[in-house]
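Thanks for taking a look at this one with me. Please have the model open as you read, and we can walk through it topic by topic.

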Amino acid sequence: MGHKDARKELTRRAQRFSLRYNQSMPVEPALKVEALSRDFRSQRRLADALGVSPAQVSRWKRGQGIDPDNAERLDLLELVMSALLRLYEPSTAEKWLFGLNPFLRQRRPIDVIRQGRVEELLAAIRQEQAGSFA
């Protein structure tokens, strides 16, 4: 799967992920910001995770638009957190995001999210899931 195809698949999955939301249509960024802010326990921590200012996160939460690059990062972070929260408590999921990961060649998953490296991240999550069920 090419980089562009993987991003389209990520967007499709993230927009229609119905376990965290009560709808099956595309999810607005404001709702994702709200859910992720709960997961990270604050908008400031979410902003730190995405590498943006807290003011940007506040604007997104108010529905004041999001640029395409940050929209992809938000989608990817939401998809990753949704998968991790099926395996771990929120604090453990956050540690996974910020810790060095052997499946990502000792890089932090949050840095891979910021770089938009969809394929690598999804593979690391699959490895993590396989290990947790072993």
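## Burial and overall make-up

Of the 134 residues in the chain, 39% are buried, where buried means under 20% relative accessible area, exposed over 50% and partly exposed in between, using a 1.4 Å probe and protein chains only. The chain has eight helices and zero strands, taken as DSSP runs numbered from the N terminus (helices: H or I, at least four residues; strands: E, at least two). Among contacts with a separation of 6 or more, 53% join residues 24 or more positions apart; contact means heavy atoms within 4.5 Å.

## Confidence and conventions

This is a predicted model, in which local features need pLDDT of at least 70, side-chain atom pairs count only at pLDDT 80 or more, and totals for chains, interfaces and linings use all residues. Residues are numbered from 1 along each chain as its sequence is written, and side-chain values use heavy atoms, leaving out hydrogens and water.

The predictor's confidence in each residue, pLDDT, runs from 0 to 100. Its mean over the chain is 84, with 78% of residues at 70 or more. Where pLDDT is low, the predicted coordinates should not be read in detail.

## How α3 packs

Helix α2 (residues 29-40) and α3 have axes that come within 7 Å and cross at roughly 100°. That makes the two helices, α2 and α3, roughly perpendicular, the term for angles of 65 to 115 degrees (under 35 is roughly parallel, over 145 roughly antiparallel, the rest oblique). Axes are lines fitted to C-alpha atoms, for helices over the stretch in contact, and angles between N-to-C directions run from 0 to 180 degrees. From α2, V33, L36, S37 and F40 meet Q43, R45, L46 and A49 of α3.

Helix α3 (residues 43-50) also packs with α5 (residues 68-84), at about 110° and with axes 11 Å apart; α3 and α5 are therefore roughly perpendicular too. Here L46, A49 and L50 of α3 meet R73, L74 and L77 of α5.

Which residues of helix α6 (residues 90-98) are buried? They are A93, E94, W96 and L97. Seen down the axis of α6, these buried residues fall within an arc of 155°, so they line one face of the helix; the arc is that of the directions from the helix axis to the C-beta atoms.

N101 sits in the loop between α6 and α7 (109-115). N101 is buried, with a relative accessible area of 3%. Beyond its neighbours within four places in sequence, N101 is in contact with W96, Q106, R107, P109 and A124.
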